[in-house]
Amino acid sequence: MLNLIFVFAIIISFVFYFYFKTKQFRSPLPIAKNWYKSKSNIGFGSFILAFALNQAYLFPGTFTFIIVAILVVLGIFVVVENIKKARHYGQFVDEEFRINR
């Protein structure tokens, strides 16, 4: 059951990543591009985190836990840093859309 939850989280985070990465490529506005980029990286960090936890559940072992620890730290770092970036760029996105329409 726990494995299904991790697989669901992996799929949702990949869809989240792919959706915002597509929005980033299609946006002509620079601040909106950076905003979408940081949102897609949140999805990527969530993917790394969910994948690492799934591997720890499926293959318990010393070597696996070392790799999982590295991936969990990396995933948390990516998510936290890009949440900060998304908040920063989010302040200016509405203004940029308003100016350029």
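User: Which residues of helix 1 are buried, and which aromatic pair does Phe14 form?

Analyst: This is a predicted model, in which local features need pLDDT of at least 70 and side-chain atom pairs count only at pLDDT 80 or more, while totals for chains, interfaces and linings use all residues. Residues are numbered from 1 along each chain as its sequence is written, and side-chain values use heavy atoms, with hydrogens and water left out.

Helix 1 has 25 residues and runs over 2–26; helices here are DSSP runs of H or I with at least four residues, numbered from the N terminus. From first C-alpha to last, helix 1 reaches 36 Å, close to the 36 Å expected at 1.5 Å a residue. The expected span is 1.5 Å times one less than the number of residues.

The buried residues of helix 1 are Phe6, Ile10, Ser13, Phe20, Lys21 and Gln24. Buried means under 20% relative accessible area, exposed means over 50%, and partly exposed lies in between, with a 1.4 Å probe and protein chains only. Helix 2 is included in what covers these buried residues, and helix 2 spans 30–58.

Phe14 and Tyr17 form a tilted aromatic pair, with 6.5 Å centre to centre and 40° between the planes. Rings of Phe, Tyr and Trp (its six-membered ring) pair if their centres lie within 6.5 Å; planes under 30 degrees apart count as stacked, over 60 as edge-to-face and the rest as tilted. Phe14 and Tyr17 are separated by about one helical turn because they are three residues apart in helix 1. An α-helix has 3.6 residues a turn, so residues three or four places apart point the same way. Phe14 is partly exposed at a relative accessible area of 45%, and Tyr17 is partly exposed at 25%. Phe47 and Phe51 form a stacked pair, because their ring centres are 6.2 Å apart and their planes are at 20°. Both Phe47 and Phe51 lie in helix 2, four residues apart, about one turn of the helix. Phe47 has 26% relative accessibility and counts as partly exposed; Phe51 is partly exposed too, with a relative accessible area of 36%. Ring pairs link Phe14, Tyr17, Phe18, Phe44, Phe47 and Phe51 into a cluster. The whole structure holds 10 aromatic pairs.

Helix 1 gives the largest share of the nonpolar patch, three residues, and helix 1 and helix 2 each supply at least two. Met1 lies in the segment before helix 1 and is exposed, with a relative accessible area of 73%.

Terms used:
Contact = heavy atoms within 4.5 Å.
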